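Subject: Structure handover

Hi there,

Here is the structure I promised to pass on to you. Please open it alongside this email, and I will walk you through what turned up.

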Amino acid sequence: MNLKTKLTLMLMMIFNISLFAQDGYQLSGTVTDESNTPIPGINVIIAKTTTGTATDFDGGFTLNVKPGDVLQFSYIGYVKQSVTISNQKSLNIVMVEDASQLEEVVVVGYGARKKSDVTGSVSSVKTEELTAFPVLDASQALQGRAAGVDVQSNNGGEPGAPISIKIRGNTSINASSSPLIVVDGFVGGNMPQAGDIESMQILKDASATAIYGSQGANGVVLVTTKKGKVGRLNIDFNTTYQVQSTSNSLDLLNANDFAKYQNNIRVNQGNSNAYPQGPYDTDWQDMIYRNGSVVNHQLAVSGGSEKVKYYASATYFGQDGVLVNSDYERLTFLSNLDAQVTDKLKVGVNLVGGRSQKSGVTTQSNGSVTVGGDDVVSLAMRFAPDKGVYEADGSFSTNDAIGDAVDNPYAVATERDDDTEIDNFRANLFASYDILEGLNFKTTFGISGENTFRGMYMPRTLKITAGTENGRAIMQNTKSESVLSESYLTYNREIGKGVLTLLGGYSYQQNTNKSAYNEGIGTISDSFSYYGLYTATSLIQPTSGQVYTNERTIQSVFGRVNFDFNDKYLLTATVRRDGASNFAENHKYATFPSAALGWKISNEKFLEDSNAISNLKLRASYGETGNPSIAPYQSLASSEVIYASSAGSTVAAITPYQMANPDLKWETSIQTNLGLDFGFLNNRITLSLDYYNIDTEDLIMVNRGQPDYLGFYNNESLVNVGAMNNTGFEVFLTTNNITNDNFTWSTDFVFSKNINKVTSLINGDDWFGNGAPSYFSLEDTFVLREGEEVGQFWGYDYAGVAQSGGAPAGTAAIAASRENGVVVPGEPLFRDLDGDGEITDADRTMIGNPNPDFTWGFTNNFTYKNWDLNIFFQGSQGNEIFNMTAVQLNNGDSNTTYDYFNNAWTPSNTDTNEPRVGNASFREISSRFVEDGSYIRLKNLALGYNLPSKVIENIGIEKLRLSVSGQNLFTITDYSGLDPEVSYFGAQGGTNGNNQASNTTRGFDFGSYPTVRSFSFSLNLTF
Amino acid sequence: MKNTKYIMWLLVMGLSIMGCSDLEEEPVGLLSPDGFFNTPGDIQIAVDGALTHAINEQIWGRKLSVALMLRSDMVNVQSSQARRVEMDMHTITGNNEMVYDPWRRIYLGIAAANNAIEGADDVVAADDLKNPITAQAYFIRAWYYFHLVRLFGDVPYIAETIDGSNSDFYRNISCTPEADVYKNIISDLEYAEQWLDDTTAAPGIPSKGAASAYLALVHLTRATSDARESKDFNTASLYAQKVINSGVYSLDDNFQTLFNASESANSPEMIFTLDYNNVEADDNAYDQVAPMTGVRSDDDDQGWSVAVPVMAVYDSFEDGDYRKRVSFQTEATIGGTTVDYTNFTISGHEHAGNMPYIAKYTRFPGDYARGNKRATSIKYPMMRYAEVLLIAAECAAEAGDNANALKYINEVRARARKGGVSTNGGYVPETVPASAVPADLTGTVTVADVIEERRVELAFEGKRWYDIKRRDLGDQVFGASGYEGLKPDWNAAVDYDTPIPQDEIQSNPNLTN
C-alpha cells in the first residue's frame, strides 16, 4: 500500500510536469522494484516504434523522447507499465511484480507449464505456507495445505521423526505408498529445508505423474529451490526460537490408589498375597517429560547478473525434545549457481549438503525387547508409582511385583544411548542448449549420497534389559548412493492457432545401498557407551537385514506431446518405458501411458466477456503408473545364513530361504481424473474441484498360504493378486474477502475425501495383521477384507459388563470369566456372534474403521498495515482409533487411569460400562477400546509485524519482520488418549515402520512420542 | 559452428555414463543356492543348518520342550497364558503357537537336511569323505520326523528340495501314513548308522552310537503304535544292546553332572545332545527353558514361574533318591533371604507359588547365561546312556527276560543312590552323601516298573508325554489319582495326536490326521 501510494504520487508529479511540454530531448531514469532495488534488463520501448533500450545494471536508462510519446516498461514477471511523456527530464519507475503471472508457471515433470495450460491435477504450495511456522521437515508444512495430501509424523513430536506423505490415499499394501520426491529435477532427492524452497508442486493424477512411469503411482512432489535473481546482493537472515511442552498427559493413579487397585485385583482373582506397596509416590510421566525447545537459523545470500546468478544458504535446526534425552541437531547447506555461457548455452549446478545428529530415546516400541521394556512413553504409564527411581542400594528400580519385569522409564530414558548421525550430499549439474529456435537440449547428471551412523548402548545399569549381559553395544553404518543421468529434447512450435510442445528423453538411474553392523554384549564398562563395542566379550551374529549390499538400475525412455489450440483446447499425452534390474526375470520392462484433455471454457465467446466468471477450465485425464514394489533380489532363489553351535563353537550354516519367483511384477495404478477450475469476480474467488478414481492392480501380496511344511525360511511368497480402489473428491477454495489499502483478509479452504476399498485379495480371503506390541502375544488385530477400507479393527464386539444372573441373550463371556458355567458379575461380555455360548475366534468381527470420512484445512490470513495474522485450523472427521494404551492400562499388570479405577464395576458400582478390575480378559482386542478419533486442531496461530521501511532504512536494513506464533494451541476431540494424530505400527513396526505396516496398520495408539504444543518467536531480516 | 562443440560435450556427458545394461540382476551380497556345493565342507555347512534348527526357541529353546513338559502329568502351568493352559489341560487346537511354531521349525530343519543331502550329490569326493557328513543330515532328518510322527501321527513326508518344478505337487500333497513315516525314519537312521563316525567332537554332533540308540527308541516307540511290526521290541533290544556293548558309553557317576553346562559335554553318558553355546543370533540359540522353569523373583534365577511341578510330583520321588535333589529346587534366595519352597511367595509376585521348582536347567546354565538365565550353554540330553539301559530293560520285560530287565533297571537305580556334589537355594556347592537305602529292585520287573523308572530318571527331559502316549497311560495319569488331579478335558480317543496347525490345513486342505 505504501508503495502504491508512492507510485500514485509519482504519476501525479509526472502529470503536473507535463504541462510544460517541449520538443525532443534526452530522458534518463531508473527502474526499481517495490523494495527499491534497481532492476537491470527492463525493456523500455516507445510505443508504436522500434526505438527502445534496456535498463543497465543499476536499473538506469537514457532515451531520446518527445512529449506525447508513450514509454512502455516491460519484463517477465512484472506488470507492464506505460507512461505518457510530457516534458519531464527524469523518470523513476517502480515495477510491480505480477503475482498472477508468477503463479501461473508451474513446474511439471521435465518442464514447466503455465498454470492455465495444465491439464493434470497439480497442487501448489507457496513459500509462505511452508515457512509459516518452524517445521523439522518441509513436508510437514503440507498438512492441510494441499487437497488430497495426507501428512503425518511417524512418531508424534519426536525430534527427527520421519514424516510420511500420502497422496490420494493408500495405493499399496506391501510396497511404499510414499510419493516420489523430485528436487530440482533430481529424482529421489532429499527434501530441502523449508526456507530454501521456492515452490512445491504436488502432481496427483496419472497424466501428471505418468512421465515418471514405474515410480509415479504414489504421486510426485516436485520441489524447486530458490535461485538467485538479477540484482544486487541480498542477505536474508531468519531465526526462530520455539518452546515446546507436551500437549497432554494421562491421569494415572498415585501410589496409594495404585496399591488399592492391585489389592482389589488380587481379591477379585482369589489371590491372597497382599500387594507389597513401596514407600514412594512417583509421577513417572513427570519424570520423563520436560520443556523442549527449537532454534532455527537460516542465512541466505543471493543475487546475480544477467550472466551469473547465485543463491547460497545455510540452515541450522536444533531441538531439545520434550522427552528427556531426546535431541536433534541439523546443519544444511545449499547453493544454486546458474551461468548463461552464451546466448544459447546455460549451465548450472545445485549443491546440497547436510549433517544431522539425533540422540533418541525409544518410543513406539514394537514390544520385542523385554516386554516393551525399552519404550519410555508406555513404561511411564505402566510403571508402578509406589516405586522410586532408585532402589535402596542406589541401583535403578525395576518393577517386580506385577507383570513381567521391566526397568523404570526414567532409567531407560536416561541410561540408554541411541545416536544417529546422517551426512548427506547431492550434486547435480545441468546444461541446457538452444539448438534451434524452439528446440532445446537439456542434460543433467547428479549424484546423491547418504551416510548414516547409528550407535546404541544399553548399559548394565538397566538390570532387566542389559544387566546380566553386562552391557550391549551396537554400531551400524549404512550408505546409500544414487546416480542419475537424464537427457531430453524439448521442441516448441506455433502451428497456426495451435502451440505444439514435444518432449523426448532418456533416463538412467542407479541406486546402491550398503550396511555394516556390529553388536556385542559384555562390554568392559558402561562409561564407554557403544564406543566400547570392541571390548565386548561376545559378538552377536548379524542378520542379512543388518549387513547387506544391493544395487538397482533403472533405464527409461519417455516422451510427451502438448498441443494447445487457440488457447481453448489443451491436449497432453505422455508415455514412459522403464526397465529395471529389480523386476523379475519374466517382466523386465513396463510401459506407462497417459493422456489428458483441457477445455478453457472461459475463453469461449459466450464467456469471454463475463464479469462474474473470470476463469473456467475443465480437465479430464487418464493414465497408468507403476509402483516399483520389488526390492532388489526379491525375486531370486536364495539361502539364509543361520548360526549353529558345533562342539562348543559357533559356525555359520545355511538353510533354504525362498524359491525363485520369475513372474513377480510391479504394481499398476490406473487413474482417471476429472477437474474443474473456476475463477469468479476477476479471480477474487478461485475454486478447484477434482474427482478421481484409482484402480491399483497387481498388488504384491504376501501369500501366507504357502505351507510351512515346504520348509522355506521365508514362508511368505509374493504374488501379484491384490487390487485396491481409491475414489476421492478434492476441493481447494481461495477467497480474497476484503482487499483494501490497509486491510486484507483472505481465506483458503482445503477439503479432501478419499474412499478406499480393497477389491481383491488372495482367494478373496481376509488378510489379517497385528497392530499390537509383540509382547501382547496377539495375532490378528486388524483385517483387510474385500469391499472394505484397509485396516479395519478386528476383535470382539464388547457388550458391557455382566451383572448377576449371567450373560444376557446374544452375549457371552470367555471361559475364564465363568464359574460353574455362569459368568461372574463384573466380567466383560461380548456379542456371541455364532451363538455357541462361548467367546471364540468365530466371534471376532470388524469393530472400527481407522480411515477418516474427510480431512480439511482452513486458513485465514489478515493483514492490517504492517501487521499480519495467520490462523490455520486442520482437522479429520470420522476416523476411529484403537486405544492400545488403554488395553495395557486396563489389563491389571500395570498402573491405570483414574477413569478406569473409579468407573470399574464393583458390587456397589454396577451401573457402568467398565468391567471389574482384575477381570479374566487378557489384553483383549474388543470394541471397548475403539474410540472416535475425529479432531479439530488449531495448527498455527501467527502474528507478524513488518517494521516500516522508513525506520529500518536508516540502519541499512531492507526488511525486518518479527512474528510470534503458537502451534497446536488447542484440539477439540473426544479421544481419551494423549493425541488423536496417532501412528503406531505394532509388532512389525517401530519408528521407521515398514511398508506393509505403514500401509495397513492404521489408527493404533501406543507409546508414541507425544505431539507437542509450542510457541515460536521469529525474526526475518533482509539486508 | 563453434556451438557444435558444446553439443558434442553435452551428449558425451549425458550418454557416457549410461552405458547399455541388459538389466540382469547380479546379486551382490546375496547367498544364492546355485553352485554352492563344491567341497565336503560345503555339505557340512548345510548339515549344520539342519542341526541348528533343533535348538531354536520354537523347538528345544522353549516351545516344544515346554509343551512336552506341560502335556505330561508332571508339570503344571503356574501362569495363565492360554496356549500353555491348552497344553496342560489337553484342549489344544491347531491355532496354538506351541503347535505351529515347532511344526514350522521342524520342517525348516527337514528342508535344510534335504538341501544338504541333495547338495552332496554335486560334490565330487570319495564316499568315505563325504558320506559321514551327509549321514548327519540323514540322522537329523530322522530325528525331526520322529518328533513329528510322535506328535501328529500322519504328516507330510518330504525328502527332496523344493523348487519351481515340484512345488505345486508338494503344496497339495496328503499326509503320509504313520507307517511309511516310520519306515523312512528307520531307513535314514540305518544310513546314518552305517556312515556316521564312531565318535564325534561333541555329543551334539551325531555319532554312530546316536543312530543306534535312536534306532532302538524308534523301534520301541513303533512297537506300541498303530504302525507296529512284529519284531519291533526285538529289534529295539538289539540296537540297545549294540550301544551297551559298544563300550563307548557309561553312566555318569554324578547325576548332577548331566545338568551342569560346563561339564556335561564330557560326560560318558551323553549320546546325543542339543548344544547351546550362548550365541545370540537372530535365529539360533537362545534357550529359555531355565527361566520358564525358574523361581519367580529368585535373586539369581529371575524365573518366570511358568512350568512348575505340583507338590505331588515332588512327593512321588523317593527321599533317598539323589535324582530328587537334582531335579527339584527346594530353596531360593528372594530379596536376599534364602527360604524354602513353602515361602516362595514372599516376593508378592502374582505368579509365585509355594512348591519345589524344576532345577535341572537353572542350577548350572554355564558361565555366560544371561538375564533370567536365558541363552545358556546347556547341553540338553536328547539321548543318554541311562535311557538306552531303560530301553533294554523295557524290551527285556516285554520279552519276559526278567534277569536282564532287573540288571538294566538296577544299574540306573544304583547310580541314583550315589549322591554327588550339587547345590540348592543359595547356589553354594554341597556334597550330598550316598543313600543308605539300597536301590536294587527284586522280583519281577514289569513294563510299568520301567516306565516309572523312566519318569523319575528322565523327569522334565521331554520324554514323559511320549511315554504316556506310547503306553496309553492317559486315562490313568490324567484321572483323579494322577499327580495333577483330574483333567476333565482329557479324552484318550483324540488327545494323543496333536492337531495339525490350522493354517496348514487352510493352505492345503488335503492335510488331515
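This is a predicted model: local features need pLDDT of at least 70, side-chain atom pairs count only at pLDDT 80 or more; totals for chains, interfaces and linings use all residues.

If you want a residue pair to click on, A:N43 has A:S74 in strand 5 of chain A as its bridge partner.

**A three-stranded sheet in chain A**

Next comes an open sheet of three strands in chain A, in the order 4-1-7 and with mixed pairing. Strand 4 (60–65) and strand 7 (90–94) of chain A are at its edges; each has a single partner strand, so one side of each is left without a neighbour in the sheet. From one strand to the next, the twist averages 30°.

Within this sheet, strand 1 (residues 25–32) of chain A runs antiparallel to strand 4 of chain A, and the two share six bridges. One of the residue pairs is A:T30 with A:G60, the latter in strand 4 of chain A.

Chain A has been assigned domain 1 (2–97) and domain 2 (767–1022). Taken over C-alpha atoms, the centres of domain 1 and domain 2 of chain A are 63 Å apart.

Further along chain A there is another open sheet, this time of four strands in the order 37-38-39-45 and with antiparallel pairing. Its edges are strand 37 (767–769) and strand 45 (844–848) of chain A; since each has a single partner strand, one side of each is left without a neighbour in the sheet. Neighbouring strands here are turned against each other by 45° on average, ignoring direction.

What connects strand 45 of chain A to strand 39 (residues 792–796) of chain A? Four bridges do, in antiparallel pairing.

**Two helices in chain B**

Over in chain B, helix 4 (residues 63–71) packs against helix 6 (residues 97–122) at an angle of about 135°, with 9 Å between their axes. That angle makes helix 4 of chain B oblique to helix 6 of chain B. The crossing of these helices is left-handed.

Where do they touch? From helix 4 of chain B come B:K63, B:L64 and B:A67, which meet B:M98, B:D101 and B:P102 in helix 6 of chain B. Sorted by class, this contact has four nonpolar and two charged residues, and no polar ones.

**Where the chains meet**

Finally, the contact between chain A and chain B: 71 residues come from chain A and 71 residues from chain B. On the side of chain A that touches chain B, 36 residues are nonpolar, 29 are polar and six are charged.

Happy browsing, and do write back with any questions.

Best wishes

Note on methods
Residues are numbered from 1 along each chain as its sequence is written. Chains are lettered from A and ligands numbered from 1 in the order in which they are written. Two strands pair if DSSP finds at least two bridges between them. Axes are lines fitted to C-alpha atoms, for helices over the stretch in contact, and angles run from 0 to 180 degrees between N-to-C directions. Domain bounds come from an automatic or database domain assignment. Two residues are in contact if their C-beta atoms, placed from the backbone, lie within 7 Å. Ala, Val, Leu, Ile, Met, Phe, Trp, Tyr, Cys and Pro count as nonpolar, Asp, Glu, Lys and Arg as charged, and the others, Gly among them, as polar. Angles under 35 degrees count as roughly parallel, over 145 as roughly antiparallel, 65 to 115 as roughly perpendicular and the rest as oblique. A crossing is left-handed if the near helix is turned anticlockwise from the far one by less than a right angle, and right-handed if clockwise.
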